[in-house]
Amino acid sequence: IRPILLHPDPRLKAVAKPVTAFDESLRRLAEDMLETMYEAPGIGLAAPQVGVMSRLIVMDCSRDDEPRRPLALANPEIAWRSEETGPYEEGCLSIPDHFAEVVRPKAVEVTWIDLEGKAQRERFEGLWAVCVQHEIDHLNGKLFIDYLGTIKRGVITRKMEKLKRDLAREKPH
Ligand SMILES: O=C(O)C[C@@H](Cc1ccccc1)[C@H](O)SCc1ccccc1
Ligand SMILES: [Zn+2]
């Protein structure tokens, strides 16, 4: 389990670097991220959210009544976006307890390299499509609040700054 960085944090606004070593340490990082994600709980997590500036994301958007399908995607890229878009009330483990509607393409095709170094390509729809786009945004320093207007984004940022001040002073918020 690794601590999840909270917005605002410069590491959440930086562009992460491509993964080049498909070795044991990458597999260990993916395992740590999946453990952190399940414990949060969440259905996705990007390496920059645990302070690692690498282009690695993990996801498991399977429902509770389905078998788990943990995925680790290195150097993910969106190769195709559907014309059709749709809204979803998004949240973020780095911006806890804040939710807002974001409109994204309903389906995307993603290419990536898996932990064995093999190139993969898959079409995602539904919650998987929302999640993979949300996670790839994290690799480019983009947060779901960046799709909101200046006012709403500012309100959320100021509330998060207060939360971080209170946490720093060990005061319950
Ligand atoms: O911060 C993250 O990247 C984890 C996000 C991933 C996500 C955000 C919006 C929509 C889909 C995925 C979430 O905090 S994981 C929590 C969650 C759980 C169920 C449905 C939506 C979000
Ligand atoms: Zn997020």
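The donors of the zinc ion (ligand 2) are spaced C-x41-H-x3-H along the chain. This is a predicted model. The protein atoms behind that pattern are SG of Cys 92, NE2 of His 134 and NE2 of His 138. They lie 2.0 to 2.3 Å from the zinc ion.

Cys 92 belongs to the loop between β4 (85–90) and β5 (100–105), while His 138 belongs to helix α2 (residues 126–139), so the pair ties together parts that are 46 residues apart in sequence. Cys 92 has 10% relative accessibility, so Cys 92 counts as buried. His 138 has 2%, so His 138 counts as buried too.

Now turn to ligand 1. Ligand 1 sits in the largest pocket. There are 14 residues around ligand 1, and those that come nearest are Ile 43, Gly 44, Gln 49, Leu 93 and Glu 135. Which elements supply this shell? β4 and α2 each give at least two residues. Helix α2 gives the most, with 5 residues.

Polar contacts come next. Glu 135 has a polar side-chain atom 2.7 Å from an oxygen atom of ligand 1. For Gln 49, a polar side-chain atom lies 3.0 Å from an oxygen atom of ligand 1. How much of ligand 1 does the protein cover? On its own, ligand 1 has 480 Å² of accessible area, and the protein covers 84% of that.

Go back to the loop between β4 and β5, which holds Cys 92. His 98 is found in this loop. The relative accessible area of His 98 is 12%, so His 98 is buried. A polar atom of the His 98 side chain lies 2.9 Å from the backbone oxygen of Pro 96. Asp 97 is in this loop as well. Asp 97 has a relative accessible area of 64%, and exposed means over 50%, so Asp 97 is exposed.

The backbone of Asp 97 deserves a look. Most residues other than glycine have a negative phi. Phi of Asp 97 is near 65°, a positive value. Asn 75 also has a positive phi, near 50°. Asn 75 is found in strand β3 (residues 71–81). With a relative accessible area of 18%, Asn 75 is buried.

Two peptide bonds also call for attention. Most peptide bonds are trans. Which prolines follow a cis bond? The bond from His 7 to Pro 8 is cis, with omega near -5°. Pro 8 lies in the segment before α1 (24–39). The bond from Ala 40 to Pro 41 is cis, with omega near -5°. Pro 41 is in the loop between α1 and β1 (44–46).

Finish at helix α2, where Gly 126 is found. Gly 126 has 46% relative accessibility and counts as partly exposed. Its C-alpha atom is separated by 7.2 Å from that of Ala 107. Along the chain, Gly 126 and Ala 107 are 19 residues apart.

Technical notes
Residues are numbered from 1 along each chain as its sequence is written. Chains are lettered from A and ligands numbered from 1 in the order in which they are written. This is a predicted model: local features need pLDDT of at least 70, side-chain atom pairs count only at pLDDT 80 or more; totals for chains, interfaces and linings use all residues. Side-chain values use heavy atoms; hydrogens and water are left out. Donors are N, O and S atoms within 2.8 Å of the metal (3.2 Å for Na, K and Ca); water is not among the atoms, so sites may look incomplete. Helices (H or I, at least four residues) and strands (E, at least two) are DSSP runs, numbered from the N terminus. Buried means under 20% relative accessible area, exposed over 50%, partly exposed in between (1.4 Å probe, protein chains only). A residue is near a molecule or strand if one of its heavy atoms lies within 4 Å of it. A polar contact is a pair of N or O atoms within 3.5 Å; within protein, one must be able to donate a hydrogen and the other to accept it, and residues adjacent in sequence count only if both atoms are side-chain atoms. Accessible areas come from the Shrake-Rupley method with a 1.4 Å probe; for residues, only the protein chains shown count as cover. On a 1 Å grid over the protein atoms alone, a cavity is a set of points where a 1.4 Å probe fits but cannot get out, and a pocket is an open set with protein on both sides within 12 Å along at least five of seven lines; lining residues have an atom within 4 Å of a point. A molecule sits in a cavity or pocket if more than half of its atoms lie within 2 Å of its grid points.
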